[in-house]
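Welcome! Grab a pencil, open the viewer and work through a few exercises on reading a protein model.

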Amino acid sequence: MSRRGLLLFMITSVLWGVPYLLISMALEGMGPASVVAGRVALGALVLLPVAWRRGLPRLLRGRWRPLLLLAVMEVAVPFTLIAVGERTVPSGLAGVLIATEPLFILALGLFWGKRERLARGAWAGVALGFLGVVVLLGVAVAGAGALLVLAAAACYAVGAVLLHRLFPDVPPLTVSAGMLTLAAGPLLAASAIAEPAPQVTTRVLLAVLGLGVACTAGGFTAFFALIATEGPARAAFITYVAPVVAVASGVLLLSEPVTTRTITGTVLILAGAALAARRSSSSSDTPSADSTAARPSRTGTIPAAENEQAAGGAR
């Protein structure tokens, strides 16, 4: 990896590993809907000038319906599920649970579109990933918050498949800006109606600014620059580094506990995701996990033209 590529990799790993920490901090003074609305609106504002010059008006005019569907599955629903889930789930655990997304993509590949023969390692990856979730959450019934975060990972997987099918010909940064733009208005309205006025402190304000400007807009920009520099295969390794950043930042800045269960579950989930990301021996209309693996945070990586395939969202 080149020096520029390594720098971009480190920047993206941090930007897509710390959203869960910042969400937890923002929830100290804001409701989940307000956190998500602020994050999405800020991200859209930062990306709009660049995306506007790359054909966003034409995309919004001609293909706003599929883009709206994508905005729901890739932005509005998973962002909200994560924010609600983090009211009861530590930020580090949330970051690790999102890393199960390649497992959901693998499952979608079995039932959605042309079936493909899966590598043996992919099945081992599913087993390891599931075992990691069980270790992290315990054999007893998982709390509702953890289940909401897992549901967000599933939404990211569906969104990655939809994006691969609906927008293979559009620059990924333009699609990202379009999704955020369409989601911002409804989310702002919902937060104003459903939640009381936020108790904004300096800490809360900085957390929301970091989420929107750095993690969402900056994360997308850095990730797609990394793809252009090093290619999608190397960029996809973000999936396996960002959760470690999420756990470490939660421990260092929020004093979240690290137990043997946390370490073991994290290693199992990341190993399972890596195995599940191995491409099968035949092609499929559904993107394989290695083309949609790089997601923190999920808001998630976005598969696009063939030379820029990867998935994820700035989660």
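The exercises below concern this predicted model, and each one comes with a worked solution.

**Exercise 1. Getting an overview**

Find how many helices and strands the protein chain has, and what percentage of its residues count as buried.

*Solution.* 
- Step 1: Start with the elements. The protein chain has 14 helices and one strand.
- Step 2: Turn to burial. The chain has 315 residues, and 57% of them count as buried.

**Exercise 2. A salt bridge at glutamate 28**

Work out which residue forms a salt bridge with glutamate 28, and which parts of the chain the pair ties together.

*Solution.* 
- Step 1: Find the partner. It is arginine 203, and the closest N and O atoms of the pair are 2.8 Å apart.
- Step 2: Check the cut-off. A salt bridge needs the side-chain nitrogen within 4 Å of the carboxyl oxygen, so 2.8 Å qualifies.
- Step 3: Glutamate 28 is in the loop between α2 (19–26) and α3 (32–53), while arginine 203 belongs to helix α11 (residues 202–230), so the bridge ties together parts 175 residues apart in sequence.

**Exercise 3. A second pair**

The structure holds two salt bridges; describe the one between arginine 63 and aspartate 169.

*Solution.* 
- Step 1: Read the distance. The two side chains meet at 3.3 Å, N to O.
- Step 2: Arginine 63 sits in the loop between α4 (56–62) and α5 (64–85), and aspartate 169 in the loop between α9 (144–166) and α10 (172–194); the pair links distant parts of the chain, 106 residues apart.
- Step 3: Apply the exposure limits. Arginine 63 has a relative accessible area of 26% and is partly exposed. Aspartate 169 has 53%, which is over 50%, so aspartate 169 counts as exposed.

**Exercise 4. A covered helix and its neighbor loop**

Decide how many residues of helix α6 are buried, then examine threonine 100.

*Solution.* 
- Step 1: Count along α6 (residues 91–98). Eight of its eight residues are buried, including Leu93, Val96 and Ile98.
- Step 2: Move to threonine 100, in the loop between α6 and α7 (101–111). Its relative accessible area is 3%, under the 20% limit, so threonine 100 is buried.
- Step 3: Follow its side chain. The side chain of threonine 100 reaches the backbone oxygen of leucine 97 at 2.6 Å.

**Exercise 5. A nonpolar patch**

Identify the residues of the nonpolar surface patch and the helix that gives the largest share.

*Solution.* 
- Step 1: List the members. Val46, Val200, Leu205, Leu206, Leu209 and Val213 make a patch of about 480 Å².
- Step 2: Find the main contributor. The largest share, four residues, comes from α11.
- Step 3: Inspect one member. Valine 213 is in helix α11 and is partly exposed, at 37% relative accessibility.

Technical notes
Residues numbered from 1 in each chain as written. Predicted model: local features only at pLDDT ≥ 70, side-chain atom pairs only at ≥ 80, totals over all residues. Heavy atoms only, no water. Helix = DSSP H or I, 4+ residues; strand = E, 2+ residues; numbered from the N terminus. Buried < 20%, exposed > 50% of the residue type's maximum accessible area, 1.4 Å probe, protein only. Patch = residues over 30% accessible without salt bridge, like charges linked within 9 Å, V, L, I, M, F, W, Y side chains within 5 Å. Areas by Shrake-Rupley, 256 points an atom, 1.4 Å probe, with all protein chains shown as cover. Polar contact = N/O pair within 3.5 Å; in protein donor to acceptor, adjacent residues only side chain to side chain.
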